[in-house]
Amino acid sequence: MSVKNLKYSSLENSIAESQDQKKFDCQFLVIAGGGSGARGGNGYGGSQGNGGGGAGGYICSVPGENSGGNTSAVQPLEIELGKDYQVKVGAGASNVYGSFGTGDVSIFDSVIAAPGGGGGGQGFTNDFRAGGRGGSAGGSGSQIANNRHYPNQGGPQGQIATGGGGGGASANDNSRGGGDGISSSITGAAVIRAGGGAGVLQSQFTINTGGDGGGGNTGNQYAQGGTGTVNTGSGGGVGGNGNGNSNRGDGGLGGSGIVILRYPAKYTISVGAGLTAGSETAVGDNEKYIEITAGSDNVSWS
């Protein structure tokens, strides 16, 4: 190679190295809002059991951990310094009547987690409603329901039977309990999130337990179902059965989602005013993380 070519080759390598220093990989955990549980049934009027809400979609890029449905972690996102990246944290479902009550999406740039589906139930005209579709499907209120879930985000559908628990990020437990969530150590400590809400069986007046990771419990007789834990994307529990149409418990509300970002400690994040976030927190000597718990806006790094 000539001296001239060597000179230009060195310059090109220097420019490439400089550009590489302006980029880094960001690990993330993106969880959508959870679905609401169905309203309780008429325990003395032949009503079938009703379903709990499904957990929101769960997308994780931490090496060695899982995304929803116990699929492998996805790739981290390559970040360019000074560039804006959209972040949105999905709210939990606010509808207390089940399958109409899905949560909202959570977003980190191109990563979009689907909301959890609401729990299915039976109206008083024998119109069975399947659990709503979502990151994890809501538990069914019918033996003929056709639940589905978006792949690679949530757990399996809610139980296709009477009074199914909502799907959690990892699974549903094939009973009236909610499906369990998944553990992540993106913050340095293992935390389980995205549990499914509990369902209830016909004529049952005892409480069933929501899935590990924040799933709402069944409401006691006449009482509203338990709300999915905030910032876990967990599903709400089904309302407690009543003895007539007027005193059935409302479904529990879905838990809001969360976006957690982990990146090299030498960089500093700027968070838009439309987002609610904690402080940057160190993880070991070389990394830090931030939890974004509500809102919609952009983030950037410097």
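**Notebook: salt bridges, strands and rings**

A salt bridge is a side-chain nitrogen of Lys or Arg within 4 Å of a carboxyl oxygen of Asp or Glu. With that rule in hand, I looked up the total and found 4 salt bridges in the structure.

Before going on, I noted what I am looking at: a predicted model, where local features need pLDDT of at least 70 and side-chain atom pairs count only at pLDDT 80 or more, while totals for chains, interfaces and linings use all residues. Residues are numbered from 1 along each chain as its sequence is written, and side-chain values use heavy atoms, with hydrogens and water left out.

**Entry 1: the whole chain**

I began with the secondary structure and found 1 helix and 15 strands in the protein chain. Helices (H or I, at least four residues) and strands (E, at least two) are DSSP runs, numbered from the N terminus.

Next I checked burial, where buried means under 20% relative accessible area, exposed over 50%, and partly exposed in between (1.4 Å probe, protein chains only). The protein chain has 302 residues, and 53% of them count as buried.

I also looked at contacts (heavy atoms within 4.5 Å). Among contacts in the protein chain with a separation of 6 or more, 59% are between residues 24 or more positions apart.

How many of the 9 residues of strand β1 are buried? I found 7, so to speak a mostly covered strand, spanning residues 23–31.

Then I looked for its partners, remembering that two strands pair if DSSP finds at least two bridges between them. Here is what I wrote down:

- β1 and β5 (residues 77–80) pair in the antiparallel sense over 4 bridges, and D25 has E78 as its bridge partner in β5.
- β1 and β11 (residues 258–264) run antiparallel and are joined by 5 bridges; I31 has I258 as its bridge partner in β11.
- β1 and β2 (residues 58–60) pair in the antiparallel sense over 3 bridges, and in β2 the bridge partner of I31 is Y58.

**Entry 2: the aromatic rings**

A pair of aromatic rings is described by the distance of the centres and the angle of the planes. Rings of Phe, Tyr and Trp (its six-membered ring) pair if their centres lie within 6.5 Å; planes under 30 degrees apart count as stacked, over 60 as edge-to-face and the rest as tilted. I counted 5 aromatic pairs by this rule.

F24 and W301 form an edge-to-face pair, 5.7 Å centre to centre with 80° between the planes. F24 lies in strand β1 and W301 in strand β15 (residues 287–301), so this pair ties together parts that are 277 residues apart in sequence. Both F24 and W301 are buried.

Y263 and W301 make another pair: their ring centres are 5.5 Å apart and their planes are at 75°, so this pair is edge-to-face. Y263 is in strand β11 and W301 in strand β15, 38 residues apart. Y263 counts as buried because its relative accessibility is 0%.

I noted, too, that ring pairs link F24, Y85, Y263, Y267 and W301 into a cluster.

Side chains of opposite charge can pair when their charged atoms come close. I looked up R39 and D250, whose closest N and O atoms are 3.7 Å apart. R39 is in the loop between β1 and β2, and D250 in the loop between β10 (191–193) and β11, 211 residues apart.

K288 and E280 also meet in a salt bridge (3.6 Å, N to O). Buried or partly exposed, I wondered about K288? K288 is buried, with a relative accessible area of 12%, whereas E280 is partly exposed at 30%.
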